[in-house]
Amino acid sequence: MHDSEERYPPPLCHPGTREVVVARIEGWYSFENPPKKKKIMWVHAPAGYGKTAVAGTLARNLESRTGLDFNPVGATFFFWRTSPERGSPARFVITLAYQPAMSIPEIAPHIEAAVKRNPMVLNKALEVQLVELLIDPFKPLGELDEIPYRLVIVDGLDECTSSYQESLVEKQYAEDQELVQVRILDLIHTIQSHHLPLCFLVLSRREPWIERHLKSASFQAVTETLDLYQVKDHMKDVEKYVRAELSRIAEKVDHQDDDCLDDEWPGDDIVHRLLSRIEGHMLYATTIIRQIDDPYDDPRQRLRDILNTEFNSTLDRAHSTPFCSLHELYRQILRSSPLANRTTMAEVLEEILAAGYHFPAGTGAPAALKVLDRISRRAPGRGLRAIRPLHAVIHLVESHPPTGFFYHSSFADSLENESQLLPDVTIDVQKGLGRVLAGCLESLSSVSLDSRLDEDHLLFALSWPYFWREWVPSDEAEFLSQLRVLLAVDLAACFYQEMHFGATTRRVYRRSSFVCTNDLFHPTANLIVDRKSISMYAPFVEDAVSHLRTSLGGAILHALAPDNFRGSCCYPGFLDILSLVLGDYLAQGCKSKHGSTGLHNIARALRKLQLEQEDLYKQLELSFFLNCGEEVRRLVENMIKDGLS
């Protein structure tokens with residue numbers, strides 16, 4: 001939502017800017033009932049041209065509009081690739097159903113009835129959710145002509161990059177980002193085809209698959225397109241922003257004790273040179289302002305350094321990918337780091353790129369770097385000091401709520417796409433991934449069943465299976481080195497601690513057990529060897545695969561022991577976590593002869609739990625049904641009935 005706590009303070013247009021664009025969109029929406037124009041508008045622009053700020057400003061303006069007896073904003077959804085919730089389509093339909101229930105009270109009881117009638121609808125396919133939670137609730141209202149049309153704002157469609165399953169299973173089963181984004185568009189098309197009183201504003205980059213789909217026959221008749229870059233007010237808007245910000249910085253400079261102070265700074269000549277360099281690119285402008293607005297340095301000298309740097313680019317900066325001028329600025333920001341810091345700076349950037357997605361939603365760079373310093377065995381605070389010169393592109397001050405790592409995703413794109421950014425700075429994400437993985441496994445070597453995981457770096461280390469899955473060893477020696485460390489870890493204790501501790505705290509990292517159960521008993525697709533280009537018969541490989549299987553089964557058996565089970569059931573969430581892990585383990589074990597021993601042991605444990613703690617066993621059985629479905633529940637019953645115990 002545009003006014004959610006996660007997005008506070010929300011990106012908005014600088015006062016007095018983007019007024020032409022906002023007015024153009026308001027003119028399309030026009031508050032008409034029903035609207036005479038097309039009911040979908042696609043606004044596209046390159047990265048950094050203020051699409052999200054336009055969406056936020058529009059939502060704010062419409063909600064503050066006086067003289068209306070209804071709220072024109074029906075719903076908003078702001079995709080964001082680094083957010084587990086906003087980077088996935090999983091909550092899209094639920095959010096779109098919940099918000100109209102607030103702005104269109106007539107449908108609220110029908111949505112509530114749909115959820116009560118079938119609570120499992122919240123876990124069904126998005127297309128099913130759409131029908132049951134949004135389309136069907138409008139039907140009892142009869143004719144919809146008298147209901148004012150609401151505007152639904154969907155920002156950052158190109159930031160929707162993963163399916164819900166990606167957080168639970170391997171990436172090969174996650175939907176391709178192009179398919180996910182097209183799927184969202186199809187959901188929107190389905191809504192408008194039912195003639196509901198909703199208009200849709202979709203904002204995104206001009207990705208080829210999005211453009212191709214919106215220009216298809218089914219969309220063309222109902223979609224209006226607006227190229228944000230072609231609305232020429234952005235040149236004047238950027239100038240207004242730059243002049244205002246330089247004036248603000250100049251006021252602070254005037255108070256410095258400097259005999260050489262130029263009272264006229266920055267002066268029209270400098271402003272015009274800077275505007276010529278920026279060429280209407282708002283992200284470029286805001287990045288420069290942050291770079292020169294450094295309390296530890298002279299902003300005039302920093303601005304001179306930027307203006308005196310030759311940018312070798314003859315490409316169209318607006319529509320090139322990546323933008324050459326912006327990436328040249330990123331290189332200059334990296335060069336501002338002292339030579340003695342650059343090796344550590346590069347390592348920290350590699351680790352953020354490799355592991356940043358695995359921190360809980362909203363974790364800021366300062367908190368994440370405290371963990372990464374422990375994982376990588378750096379001195380406390382060393383990582384933050386190494387990247388302090390990058391304050392223009394990375395959030396280095398902890399905010400509330402936390403605002404993530406990068407001011408804009410284009411900086412991360414630049415690091416990943418151009419590994420040799422400077423002659424002495426090379427970014428290799430796989431190296432960072434290998435370091436993080438090794439550090440996680442070494443940290444977990446001290447964990448036992450009696451440990452208390454009350455330190456953030458240990459909780460983070462439990463995410464090691466995600467790093468293992470994504471890691472590509474440079475050679476067999478590196479692979480064997482990691483295997484040796486893995487074999488020294490009490491994985492059974494780690495898996496159990498994850499199930500138990502994850503239910504007792506809100507400081508939850510990504511669930512590693514779900515990654516491990518996928519294809520657990522498959523000879524070549526299990527976590528240890530999948531996509532590693534390493535022979536199954538290489539030293540330690542079979543031992544590591546066996547270690548993973550027996551450890552996961554051992555953790556489940558420990559959790560099912562009656563005394564442990566009763567002690568853990570008092571924590572909300574324990575049964576859900578256990579039932580999901582156990583359900584996946586059983587489903588995978590039934591597919592392979594390698595899982596027979598584990599299934600026998602778990603069947604005996606379930607039978608014992610059923611006999612000694614019948615009331616708690618029934619709770620587990622219900623959790624099976626809610627989280628894993630009827631099939632898994634029947635599987636458990638049959639295991640016990642068939643005498644496997």
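Good morning. I begin with Phe 79, which has a relative accessible area of 2% and is therefore buried, since buried means under 20%. Please bear in mind that the model is predicted.

Phe 79 takes part in two of the ring pairs I wish to show. A pair of aromatic rings is described by the distance of the centres and the angle of the planes. The count for this model comes to 15 aromatic pairs. In one of them, Phe 77 and Phe 79 are tilted, with 55° between the planes and 4.6 Å from centre to centre. Phe 77 is buried, as is Phe 79.

The second pair joins Phe 79 to Phe 92; here the rings are stacked, at 5.9 Å centre to centre and 20° between the planes. This pair links distant parts of the chain: Phe 79 sits in the loop between β2 (73–78) and α3 (92–103), whereas Phe 92, 13 residues apart from it, belongs to helix α3. Is Phe 92 buried or exposed? Phe 92 counts as buried, because its relative accessibility is 1%.

Let me turn to strand β2, where Val 73 is found. With a relative accessible area of 5%, Val 73 is buried.

Finally, I turn to another set of rings. Which residues do ring pairs link into a cluster? The cluster consists of Tyr 330, Phe 359, Phe 405, Phe 406, Phe 411, Phe 460 and Phe 467. Thank you for your attention.

Technical notes: Residues numbered from 1 in each chain as written. Predicted model: local features only at pLDDT ≥ 70, side-chain atom pairs only at ≥ 80, totals over all residues. Heavy atoms only, no water. Phe/Tyr/Trp six-rings, centres within 6.5 Å; stacked < 30°, edge-to-face > 60°. Buried < 20%, exposed > 50% of the residue type's maximum accessible area, 1.4 Å probe, protein only. Helix = DSSP H or I, 4+ residues; strand = E, 2+ residues; numbered from the N terminus.
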